[in-house]
Structure formats: structure tokens, C-alpha cells
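Here is a short briefing to read with the structure open beside you. Take the topics in any order you like.

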Amino acid sequence: MSAARPRRPVGGAGRPWGLWGLRGAVLAYLALMIAVPLLAVFQRGFRDGLGAFWGELSSPIAFDALKLTVLVAAVTAGINFVMGTLTAYVLARYEFPGRRFLDGLVDMPFAIPTLVTGVMLVVLYGPSSVLGGWLESRGVSVIFAKPGIVLALLFVTYPFVIRAVQPVLLAAERYEEEAAFTMGASKWTVFRHIVLPTILPAAASGALLSFARALGEFGSIVVVAGNIPRRTLTAPVHVFGEIEAHNERGASAMSVVLLALSFGLLLLVDWRQRRKVQVLRG
Amino acid sequence: MRRDGSRGGAGFLALPLSVLLAFTLSGCRKEEPAAPGAPPAAARSATLILGGYTTPREVYGKAIIPAFKKAWQEKTGQQVEFRESYQGSGAQSRAIVGGFEADVAALSLEADIDRIAEAGLITHDWKAKPHGGMASDSIVVLAVRPGNPKKVADWPDLTRPGLNVLTPDPKTSGGAQWNVNAIYGAALRGFAGAPKDDRAAARELLKKVFRNVSIMDKGARESMTTFEKGVGDVAITYENEVLIGKQAGQKYDYVVPRSTILIENPVALVDKSVDKHGVRAVAEAFVEFLHGPEAQRIYARYGLRSVDEEVAKENVAQLPPVQDLWKIDDLGGWKKVSQELYGKDGVFTQIMTELGSKR
């Protein structure tokens, strides 16, 4: 393999179909899998004109659903930003028994159907459980209220920040940290002034990704939220309701907004990373 | 790499080509016979595809289908295999319209069958069948905690401040519209503390009930599951949901409001599918079987009310009587109710908007 490779011209000049075949196939795959379905949503959302599109979104129920979704996604992203960064730091920089196991556990939320996540949270925090009963006796409602939504989202988006920060930490040269330690800096000082600046962009990217993921979450929320319009009804659940109520246009309009928000954020993540690369190169 | 930009044409061709290929492939698949039990005519086995809503999954899967298989084999010597799909009534209806080739559709409400008919897939007048095309009935009731500790007896009790009421979301679950219709209709009929035919008072009652609703699950079954987890004081639900829950060992009781709606669940043969699969005879026999006394007794065993008068009489002792039982037609039929209550400016939509975050 290593012997054959250098003989092939990198540009693929002698075999255009080979190179373009791969590129074309991948692009076609991307188009079929992502672009075409997205276009269909956009097309349906705008088919009856901008006025109709706006009309679907300006109802108080739709507007509040969107507001709530952005709010809980932002809270989730904020908590992930802090806790995910700390978790990644601990997993990358400390040795302790069970570390590998915990490291593996981080990805579990991706493997569990989010509907199961919702049911699990209801069982855990519902009034028939010890924890839920205790909370209820203190007048705290977690489940079927906004805190329940955030709990579900935190579970579902748990890996994002950790998995964004961890590789950066593992790849980072440690001599700066070690030098600081030998000069008598405290752990906190080292973290604050040496580690944090290195991982901040990755943490921010992870937080934005978790925000985008939280915007679209449905399976767990529909179980834990209670789904009361203008109170605990989130945008994805609203979309589901509109589909069930045969209002395809309303569903598409809201989906377009969620898509635009997610897409904008992902572009932002991309732009940040590009800038970082440019800074490093420059 | 960048040098290759001039040859971009080939790459751009690949995209439409693959799209075309994909469509051609999926087109080809459609031409193949979808059911293994398709003709020759006197085949020794046939396959029926049943598209149902979620509530009667147990009734069909465990009891009615085995009974029909047996009866059909005794009569014709032919074996029938069933492929069953159960999901929310609206979703099932859309799936069938979208190309899921169910031979028989058993759904929660008329409107969902109508949609299939409007798409041209049901070409006969399905309502001309016995019992207006309805296979089973139920009523909207109130599930309460054992012994009814909150002393809930009728619709107006649901407005009591501090009571925690569950009902599925009428938007996500077409079947949940039965619940809202029941409250609104009972009020209009003068049975829920509101003057007869006073729309404003009926609206007010509905609003006060929904002020106490803190959870709207996406379907009737999910709503009862939440109730079973100890959440809520009252669950507005269907009688058969309560009875089947009790059969499964759940501890709750139910009360029948003085006035409530008769839930009617339609069944229809999907002409386009049965003709394509060549299973019209057996599909017709199945629909007929559903209306017959044997299947009607099975429905009753699973907590549904029978559409057959004879069978209904047999079970009259087990099911509590209703003082004022009425049908959707008494509210003007599904079309009118859909608009009046659930449309963009419908009563229910308005109420949910008004209640807003004030609670």
C-alpha cells in the first residue's frame, strides 16, 4: 500500500472518473440524505407565501413555544459549557480508579432512545418515587415543568462539550502547565491562565452544538414536559401537534425556523474553528 | 486539487443521475407484488395487512385475529396470515394515504377514515356497512384514584381549584378530541352546570377544566401511563382504557359523568389495497366478522361497548349506565366540530391561548 500510493498523481489527472466519481458520489449522497429533505421542508414552509409563513409563527402558542425552546436550549448549553469543560478536564488530567469506565459512560446518552430518557426521568422524579415525593412535599415541581425539560436536555446533550474539549486537552503540550506548576502556581491558576485559553474555543463549539441539538429534541421532552401550550410546550412538540392536526404548513414553518437557527449556529461554529486555524497558521 | 475545477461537469452530473437512479429503483420496487399472498385465485394462504390505531392492539392481536383465522380456515380451508401495524389514528391514516398498503383500516375516528376515502383509496361507501361502518364503541369517562378520594362525580367537579387533571393533547391525538367534545357537548346539552345551548357558558366550563390540566400527553395510552405513575387526581379517558388497565392489575376506579359522548371507532376495507393484493374476499369477510356477534363479544371482553344490540344487552349489567349518552352528530358531526373547536380560531385553540402562562 505504501509502495503504490506515491506513484498516483495527487490530482488524479490520469483517471478523472475515479476522483470525480468519489466526489460526485459523496456530494450526491449528501444531497440525497440532507439537502433534498431540507429543501422539501423549506418548500412546504414557504409554498403559500411569506404572509402565510409568518401567520403560522405569530400565533401566541407558536411564538411562546419557540421562546421556551430557545430558553431551555440556552440554559442547557450554558450548563454544558461549564460542567462539560470541567468533566473533560478531570477525565483528561486526573488518574483515578474507574476513569475509563466513566469515560465510556459519557457517550451512553447517544445510545439510549430519547423516549426512554423521558420515561426514566418521569419514573425518577415522578410523585411515586422517593425523590419525586420528597420534592413534591417541598412544593418543587421538576417533572412536567421547565426544570424537567432542562434535565432531559442535559442528559441528551451530555457528551457534546466533553467530546469537543477532551481531544484538545489530550493533544495539548503539557510543558506550559508543568512549568507553571514548578514555578509555584496553584492548580486553579494553571487552569485559569493556561488550560482554559486553550480549550475555550472547543468548549464554545461544543456548547453551540449542544444548543443546536437541544433545539430539535422531541422524544424525551414530549414525555417529561407536560406539553401545555404557552407554558411547557416546546417548538418540536408543537411541530408534532401541527402535523397531527393536519396543519402541514404550520409544522413546516416552525421547522424552517428551527432549521435556520441550527444552521446559523453550526455556521458560527465552523467560522470560529476556521478563524482558530487561521490564527494558528498565522 | 483545485486544478480539477474545470472538470466539475462530471461531478454535477453524478448528482441528478443518482437521484434519478434512486427514484427508478424505488419505482421498480413498487411494481413487484407487495403481498406474498397475492393471486392465483384459489391460493392456499392469503395475507391481510391491518392498519390499526393503538388502543385495540390487544383486542385484535390476541383475540379477534386468531378467532377470525380459525373461522376462515374452517369455512374455506384457506390460511390467513396477518401483518399488523398499530400507531396513532391520525398517523396511521396518513401512512395509508402516503402509501402504506393496509387492506383494512381500523381507526379511532371517522375523520381519519374519511381522509383515506378522500385520497381515493376507499371507493365504496364505507358508512353504508352495518352500524354505519363502526366496529366498536366506548364512552368518555373520568379515571380517579381508588375510592375516589377527591369526590369527583361529574364534569363541573373538574373545575375545582387545585385539582390536577390529565388528558391527552387533542392536537397530537385525534382520539383525545373525544374528551374535549364530551365536556363541551355535555355543557351545551345543559348537563354540566351550564344553561342549555349556551356556547359562552360551555366555553367557560372548558376553560376552567383546562386551567387544571397540567399535563397533555401525546396519546390516550401515554396519558394513562402517566396517571398510573401516580401523577394527577383525575384522568379524562375512554372507558375501555380504564377497564383494560384494571384487567392488567392497575388500581384505579372510574366515574361516568351524567352526560357523555359515545365514542365510535370505524373500520373500513381499503379498496385500492385489497384489489392490488387480490385479497378482497378475505378482507370483506374480515370486516364482516368484526361486526358479527363473535367479534363483538371479544370487543366487550376487552372493555369496549358493543355496536351489536344483542351483545350489548348481554353486557348491560357490567357497564355502568349513562343518563345522557349522545353522539358526535348531536354536535353537528366531525367536520363542524373540527372547525368550531380545533380550527385556528377554534374554541379550544382560543382557550389554550388565553390560559397562556397565567396559571
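This is a predicted model: local features need pLDDT of at least 70, side-chain atom pairs count only at pLDDT 80 or more; totals for chains, interfaces and linings use all residues.

- To place the two domains along chain B, domain 1 takes in 45-136 + 265-310, and domain 2 takes in 137-263 + 322-355.
- Between the C-alpha centres of domain 1 and domain 2 of chain B there are 27 Å.

**Helix 4 of chain B**

- Which residues of helix 4 of chain B are buried? They are E110(B), A111(B), D112(B), I113(B) and I116(B).
- The cover over the buried residues of helix 4 of chain B includes helix 3, strand 3, strand 9 and helix 13 (333-342) of chain B.
- Just after helix 4 of chain B comes G120(B), with a positive phi of about 85°.

**Strand 9 of chain B and its partners**

- Strand 9 of chain B covers residues 259-269, and eleven of its eleven residues are buried.
- Strand 3 (residues 104-106) of chain B runs antiparallel to strand 9 of chain B, and three bridges join the two. Here A106(B) has V267(B) of strand 9 as its bridge partner.
- Strand 4 (residues 134-144) of chain B also runs antiparallel to strand 9 of chain B, joined to it by five bridges. One residue to look up in this pairing is S136(B), whose bridge partner in strand 9 of chain B is N265(B).
- Strand 11 (residues 324-326) of chain B runs parallel to strand 9 of chain B, with three bridges between them. In strand 11 of chain B, L325(B) is the bridge partner of T260(B).
- As background for viewing these strands, side chains in a regular strand alternate between the two faces of the sheet.

**Helix 2 of chain B**

- Helix 2 of chain B (residues 57-76) has 20 residues. From first C-alpha to last it reaches 26 Å, close to the 28 Å expected at 1.5 Å a residue.
- Where does helix 2 of chain B have a kink? The kink, of about 40°, lies at I64(B), shortly before the proline P66(B).
- I64(B) is also one of the buried residues of helix 2 of chain B, together with V59(B), Y60(B), I65(B), F68(B) and W72(B).
- Among the elements that cover the buried residues of helix 2 of chain B are strand 1 (45-52), strand 2 (79-86), helix 10 (280-291) and helix 11 (293-301) of chain B.

**Chain B as a whole**

- Chain B has 14 helices and eleven strands.
- Of its 359 residues, 45% count as buried.
- Taking contacts in chain B between residues at least 6 apart in sequence, 73% join residues at least 24 apart.

**Chain A as a whole**

- Chain A has 14 helices and zero strands.
- The C-alpha trace of chain A spans about 60 × 60 × 35 Å along its principal axes.
- Chain A has 282 residues, and buried residues make up 35% of them.
- For contacts in chain A between residues at least 6 apart in sequence, 76% join residues at least 24 apart.

**A residue to look up in chain A: N227(A)**

- You will find N227(A) in the loop between helix 12 (221-224) and helix 13 (235-244) of chain A.
- Is N227(A) buried or exposed? N227(A) counts as buried because 27 other C-beta atoms lie within 10 Å, where the cut-off is 20 or more.
- Leaving out residues up to four places away in sequence, N227(A) touches V222(A), T232(A), L233(A) and V237(A), as well as D169(B) and M216(B).
- A145(A) is 82 residues from N227(A) in sequence, and the two are 9.0 Å apart in space, C-alpha to C-alpha.

Definitions and conventions. Residues are numbered from 1 along each chain as its sequence is written. Chains are lettered from A and ligands numbered from 1 in the order in which they are written. A residue is buried if 20 or more other C-beta atoms lie within 10 Å of its own, exposed if 12 or fewer, and partly exposed in between; C-beta atoms are placed from the backbone. Helices (H or I, at least four residues) and strands (E, at least two) are DSSP runs, numbered from the N terminus. Two strands pair if DSSP finds at least two bridges between them. The expected span of a helix is 1.5 Å times one less than its number of residues. The bend at a residue is the angle between axes fitted to the seven residues ending there and the seven starting there. Two residues are in contact if their C-beta atoms, placed from the backbone, lie within 7 Å. Domain bounds come from an automatic or database domain assignment.
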